[in-house]
Amino acid sequence: MTHDYSRSRQLYERALGVLPGGVSRNTVLRRPHPLYASKGEGCYLTDVEGHRRIDFANNMASLIHGHAHPVIVEAVSRQMQKGTGFTFATEVEVELAEHMTRRSKGFDKIRFVNSGTEAVMCCLKAARAYTGRSKIAKVEGAYHGLYDYAEVSQTAQPANWGEAEHPRSIAVAQGTPASVLDEVIVIPFNNPKVALAILDRHAGELACVLVDPMPHRIGFIPAAAAFIEALRKWTRQHGALLVFDEVITYRLAYGGAQEWFGEEPDLTALGKMIGGGFPVGAVTGRKEVMEVFNPLAEKVLFPHSGTFSANPITMTAGLAAMEYFDREQVAKINGLGEAARRQIGEAIRSAGIPACVTGGGSIFRIHMKAKPPRNYRESYVTGEETRLMRALIEHALEEGIILIGTCSGTLSTPMNQPEIDRLSDVLLSGFRKIKAMRTELSAVEQLTGSPS
Ligand SMILES: Cc1ncc(COP(=O)(O)O)c(C=O)c1O
């Protein structure tokens, strides 16, 4: 069955005239045109042509309660009538700050911002202000948003990433100053031995080590306890801060993925779900470090403001969302996530294709690789894998399932077992289709004598 997409096509033609590439964010790009949303309700999203699908993309993992959750809609509607932003502080920002600082050990103080990018940027600037050092270390391939320093090596490729023991600092955007690359040290994921050897060469220069406990672009594979412990110990020994990016992973446990490990980071960047569907970010951590933001200090180390930071709409939605995401809801979607990964694994085996599923808690990712990757280099997606992944995503769309473009998905609290069953059924038929594509491809290769 092929759906009618005439309205989306028309909208995209108009969009191409006014938006570069026809989109405001690359995430929504799809060939031959993006799909345009009309309405979201719970875990369902309807496009402008009227096709209704189960939404496992959840606006890039930000909608923990799906679309238009009544508790959030009600709270935000009440606040809308009272105003959307003031040059005054509000009670609700204090309430959300109190909620978040109660939620995780080590969240002594918090500052709200407007995106995950801004949250990571503020963590890095706070670490520099606190330590008086300028360099940062980050994990190869990890996505942390658009800040120049945080994005280094996000798109490293076999041709430029260098030796495994010495990953190179690779710019993402054209024109990135060479000085930015000099300030960013790249370490491999989950390899404490190599990571520490690299860090040792920069001891005394590093403000912080930035790490995501289950990085999306590295395949949604959880950080090993030994890796985090090694970074925690090294940063303490060398006067650097440990910064966690929990923009996505905060959903994985009531107090974030950091609950998995025995120790806390010094600073954490938050975003996505803590805004209840509205643009948000936050920097939180140890009192002494957060003091760099203090505008009442004799010497203000990190002057920090933002017109829309802690606006009452985001704060109201965020408070409603986070209060509703209690331990029971966390356990519910983590249980469903486990079922999803198990059922997807069964579908892969049943179809008999070289693929695997990774993830944790309420997150999954499908790889067109026989074995789960262990780091960025192993998770690197080849041209052939990209083709198969696109085919799987398109098949899922046709069959009423929305996935993220990396073949990943996140769950939302309105989901139940029937949505997971539908997901695995659709994926099973998708895997069978892919198997047929692979067979066709190898037949062509045999005929032509070369990989097509
Ligand atoms: C781990 C992580 N950090 C930071 C960001 C940036 O967040 P935002 O898109 O809100 O700027 C993202 C966004 O996908 C992310 O996944």
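This is a predicted model: local features need pLDDT of at least 70, side-chain atom pairs count only at pLDDT 80 or more; totals for chains, interfaces and linings use all residues.
1. Seven strands make an open sheet, and reading across it the order is 4-10-9-8-7-5-6, with mixed pairing. At the edges sit strand 4 (109-113) and strand 6 (184-187), each of which pairs on one side only. From one strand to the next, the twist averages 20°.

2. Inside that sheet, have a look at strand 9 (residues 267-271) and strand 10 (residues 281-285): they run antiparallel and are joined by five bridges. If you want a landmark for the pairing, Ala269 has Val283 in strand 10 as its bridge partner.

3. Now for what lies on the strands. Helix 5 (residues 116-131) lies across strand 4, strand 5 (135-139), strand 7 (206-211), strand 8 (241-245), strand 9 and strand 10, and runs at about 165° to strand 9. Helix 4 lies across strand 4 and strand 9, and its direction is at about 125° to strand 4.

4. Helix 4 also has a helix partner. Two packed helices are described by the angle between their axes and the distance between the axes. For helix 4 (residues 91-103) and helix 10 (residues 312-324), the axes come within 9 Å and cross at roughly 35°. The crossing is left-handed.

5. Which residues make that contact? From helix 4 come Val92, Glu93, Glu95, Leu96, His99, Met100 and Arg103, and they meet Pro312, Met315, Thr316, Gly318, Leu319, Met322 and Glu323 of helix 10. By type, the contact residues are seven nonpolar, three polar and four charged.

6. The lining has 22 residues, and the closest to the pocket centre are Ala89, Glu93, Gly306, Ser309 and Ala310. Helix 4 and strand 4 each give at least two residues to this lining. As for its make-up, the lining divides into ten nonpolar, ten polar and two charged residues.

7. Then there is the other sheet: three strands, open, in the order 11-12-14, with antiparallel pairing. Strand 11 (356-360) and strand 14 (408-410) are at the edges with a single partner strand each, so one side of each has no neighbour in the sheet. Here the twist averages 15° from one strand to the next.

8. In this sheet, three bridges join strand 12 (residues 363-367) to strand 14. Helix 11 (residues 327-351) lies across strand 11 and strand 12, running at about 175° to strand 11.

Note on methods: Residues are numbered from 1 along each chain as its sequence is written. Side-chain values use heavy atoms; hydrogens and water are left out. Axes are lines fitted to C-alpha atoms, for helices over the stretch in contact, and angles run from 0 to 180 degrees between N-to-C directions. Helices (H or I, at least four residues) and strands (E, at least two) are DSSP runs, numbered from the N terminus. A crossing is left-handed if the near helix is turned anticlockwise from the far one by less than a right angle, and right-handed if clockwise. Contact means heavy atoms within 4.5 Å. Ala, Val, Leu, Ile, Met, Phe, Trp, Tyr, Cys and Pro count as nonpolar, Asp, Glu, Lys and Arg as charged, and the others, Gly among them, as polar. Two strands pair if DSSP finds at least two bridges between them. On a 1 Å grid over the protein atoms alone, a cavity is a set of points where a 1.4 Å probe fits but cannot get out, and a pocket is an open set with protein on both sides within 12 Å along at least five of seven lines; lining residues have an atom within 4 Å of a point.
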